[in-house]
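The stops below proceed from the whole chain to individual elements and residues.

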Amino acid sequence: MTEQAPPDEPDAGTLEQEAPRGAASARATGPKVRPSGRGQRRREKILAAAIRHVARNGGRGTSLAQIATEAGVTQQGLLYYFPSKDALLHAALDIRDQRDVVPRLTPWRGLEFLDGIVERIRRWRQEPEMVGMFTLLLVENLGDHAPLRDRLEKRYADVHKEYADGIRAAQANGTARADIDPDLKAIEVIAFLNGLETSWLLKPSLPVEDVAAAWRDSQVAQMTAGLRS
């Protein structure tokens, strides 16, 4: 059974400008309604349904009508919270970005960012649909004019900088070889992650936790080879 969002729902919360995640996200979402408790639960149901459908069928193969039906709302009710399909996909990616963060009090000081990557990979089995959604949207938006291209490109740049900065910090404190190019190594790290995600989605029985831990150990050994202990 579907339900229509009540017409007075905007008065139950306040309008708030969404913190942008890059220019593309800000353009797609614009002003955001902070809904009431009931409205927040409905919004979360819509997002959960979107993540499940996109993980199975991709963004292009998923319609707003399908998402609305699974979430138990009308399509008009869905559009109350998300004025377009792109806005809904941006919001789903916001959740993925939030879940992807490994909590820490300070920036990486060195190669411990590799431990953070292993921790993230260990959490994949808790939310496989989140991994699937991201991977399919990434592949679908590789084209120059794809709707999510700018957002995903900015995310890549941010992650690349984070990893490269971690390597530079390790070099500065003498815990990584000085002859390593941090920018090239960061590209290699991201390529490993993307490849492992795809392999795991194709074969979920892969022991990705063990693969990640072994990969981290080999990376640390390679980047510290020849240094005094």
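What percentage of the 229 residues in the chain do buried residues make up? The share of buried residues is 44%. The model is a predicted one.

**Whole chain**

Display the chain as a cartoon. It contains 10 helices and two strands, and in sequence order the elements run β-α-β-α-α-α-α-α-α-α-α-α. Among contacts between residues at least 6 apart in sequence, 69% join residues at least 24 apart.

Next, colour by confidence. The chain has a mean pLDDT of 85, with 81% of its residues at 70 or more. Select residues 4-31, where the pLDDT is below 50; in the model this stretch has 51 contacts beyond near neighbours in sequence. Where pLDDT is low, predicted coordinates should not be read in detail.

**Helix 5**

Select residues 85-100, which form helix 5. At 1.5 Å a residue, its 16 residues should span 22 Å, and the end C-alpha atoms are 23 Å apart, in agreement with that expectation. Show the side chains of the buried residues, among them L88, L89, H90, L93, I95 and R96. D94, D97 and D100 are also buried.

**Second largest pocket**

Turn now to the second largest pocket, whose volume is about 420 Å³. Select F134, L138, Y156, I190 and N194: of the 22 lining residues, these are the closest to the pocket centre. Which helices each supply at least two residues of the lining? They are helix 5, helix 7 (128-140), helix 8 and helix 9. Helix 8 provides the largest share, seven residues. Coloured by residue type, the lining divides into 11 nonpolar, four polar and seven charged residues.

**I180, between two helices**

Finally, centre the view on I180, which lies in the loop between helix 8 (149-172) and helix 9 (182-202). Is I180 buried or exposed? I180 is buried, because its relative accessible area of 8% falls under the 20% cut-off. Leaving aside neighbours within four places in sequence, show the residues in contact with I180: I167, Q171, K185 and M223. Then draw a C-alpha to C-alpha distance from I180 to T224; the two residues are 44 apart in sequence and 10.0 Å apart in space.

Methods:
Residues numbered from 1 in each chain as written. Predicted model: local features only at pLDDT ≥ 70, side-chain atom pairs only at ≥ 80, totals over all residues. Heavy atoms only, no water. Helix = DSSP H or I, 4+ residues; strand = E, 2+ residues; numbered from the N terminus. Buried < 20%, exposed > 50% of the residue type's maximum accessible area, 1.4 Å probe, protein only. Contact = heavy atoms within 4.5 Å. pLDDT = per-residue confidence, 0-100. Expected span 1.5 Å × (residues − 1). 1 Å grid on protein atoms, 1.4 Å probe; cavity = no way out; pocket = protein on both sides within 12 Å on 5 of 7 lines; lining within 4 Å. Points joined across faces, edges and corners; volume = space filled by probe spheres on them. Nonpolar A, V, L, I, M, F, W, Y, C, P; charged D, E, K, R; others polar.
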